[in-house]
Amino acid sequence: MTSSRRNFLRAAGATAVGAAAVSRAAVAAVPEATEAPSAATQPPPLPPNGRPFNPVVTLNGWSLPWRLKGNVKEFHLVAEPVVREFAPGMKARLWGYNGTSPGPTIEAVEGDRVRIFVTNRLPEPTSTHWHGLIIPSGMDGVTGLTQPAIAPGKSWVYEFVVDNSGTYMYHPHADEMLQMAMGMMGLFIVHPKDPRQHRVDRDFAFLLAAYDIQPGAATPSVNTMLDFNLWTWNSRVFPGIDPLVARTGDRVRIRVGNLTMTNHPMHLHGHRFEVTGTDGGWVPPAARWPEVTTDVAVGQMRALEFNAVAGDWSLHCHKSHHTMNAMGHDVPTMIGVDQRAATEKIIRLLPDYMQMGDKGMHEMTEMEMPLPDNTLPMMTAQGPFGAIGMGGMFSVLKVRDDQKPGDYRDPGWFKHPAGTLAKEYTGELPAPVRAAAPPAEANMPEVRKPMGHEGHGGH
């Protein structure tokens, strides 16, 4: 342990004040605040002590270790500035917990008493709210209402019993718009007391967040309300989001929490799933229904379950602008516009200029364009058949017959069985049938994107 870490832990123990009364002995020795080794998905270890449970896999994240003291699980969260890699080639200056944004996932079991130390290393006061958990009012973490703010350099302690299993989260209720816009959030998973209840083979979890980071910048614009340009899962954007890996026939659960300012219709290809849980608890089996897309509204959690089918399957938000990186809101539609004369003149001033958009936007998935520093291209990930025309809130569910239980390593691209892959057709085609439509007029105006098209995220 470094000397600065020792000093910080001593200060935390000396200044800790309870969000409700706890013994001085409990506060005297604060557990060390651990940090994640990388932005890759960390396979979860089995619980070293306490009640047994089947841990979740936090997509591009990790679970926070605890210390068992008597019959209490002790966790230590440190609110602090962090640097998060959104995807290779772009990093952002955010606020988070224990070196990451989102912070580490807290996992407990029904009936556990948890003691959570929160140390504030931010430049302003904060608090921690336990979203969805049914706990005493004095532990609810709302600055000014249920507790004073946690001042910079101070540590507070929250202690309560978790009585209901389910999918929850934590975030500040202090300078909320700024702190959440800067990435302060994390998952809180409560497992059933009986590990056989609600059991699945693979249990994934992630949080939705949105950021407005201008090209070449690294710090989010915290006052943005609608025009976000980076839509993330656990503060990562595709191609920086890891695949969700499973074995054929596995029962898979995906837990999704939404802390953006709009809803997200989450769509999974190749499967029908059931919504089995919300942040209000588990949905009774008789109340579930089949879906391929479910809407996750602001502040909500959803748990989706299905039986995995072999293949590479897209999982994404179905709002098309949310599956693009670093999109621009003022880019006009140029389909059908003859730009040749203007392009010749512009190239004389800007030799790197490229004419784009007159035939559509697919070329943006394949062109390597000059970009400002610390900016992501809109869509440039490569798949087994060329460019993948999506980014942002997108990843791939990779299901394989031979994926071993507990193995979350990327198995590579799917090998399609014979006769199951679409291919080019070069034979005789049947005559197409078309609907009647008026002919285009010679002086018909070109299609252009209307200006002032703000607020698309909420539609």
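In this predicted model, the side chains of R202 and D250 form a salt bridge, with 2.8 Å from N to O. R202 lies in strand β12 (residues 202-211), whereas D250 sits in the loop between β14 (244-247) and β15 (251-258). The pair therefore ties together parts that are 48 residues apart in sequence. Both partners are shielded: R202 is buried, at a relative accessible area of 1%, and D250 is buried too, at 9%.

A further salt bridge joins R253 and D203, again at 2.8 Å from N to O. R253 belongs to strand β15 and D203 to strand β12, so this pair links parts 50 residues apart in sequence. R253 and D203 are both buried.

Across the whole structure, the search finds 18 salt bridges. One of them pairs E159 with R113. Their closest N and O atoms are 3.3 Å apart. E159 is in strand β9 (residues 155-161) and R113 in strand β7, so the bridge ties together parts 46 residues apart in sequence. E159 counts as buried, at 12% relative accessibility. R113 is partly exposed, with a relative accessible area of 33%.

E110 presents another case. This residue lies in the loop between β6 (106-109) and β7 (113-120). E110 is buried but has no salt bridge. The nearest side chain of opposite charge belongs to K193, 6.4 Å away. Leaving aside residues up to four places away in sequence, E110 touches R51, V162, D163, N164, S165, V190, H191, P192 and K193.

Strands β22 (311-317), β24 (386-387) and β25 (394-400) each supply at least two lining residues. The largest share, four residues, comes from β22.

The loop between β24 and β25 holds G389. G389 is partly exposed, with a relative accessible area of 42%. The C-alpha atoms of G389 and M324 are separated by 8.4 Å, although the two residues are 65 residues apart along the chain.

Note on methods:
Residues numbered from 1 in each chain as written. Predicted model: local features only at pLDDT ≥ 70, side-chain atom pairs only at ≥ 80, totals over all residues. Heavy atoms only, no water. Buried < 20%, exposed > 50% of the residue type's maximum accessible area, 1.4 Å probe, protein only. Lys, Arg positive; Asp, Glu negative; His and termini not counted. Salt bridge = Lys/Arg side-chain N within 4 Å of Asp/Glu carboxyl O. Contact = heavy atoms within 4.5 Å.
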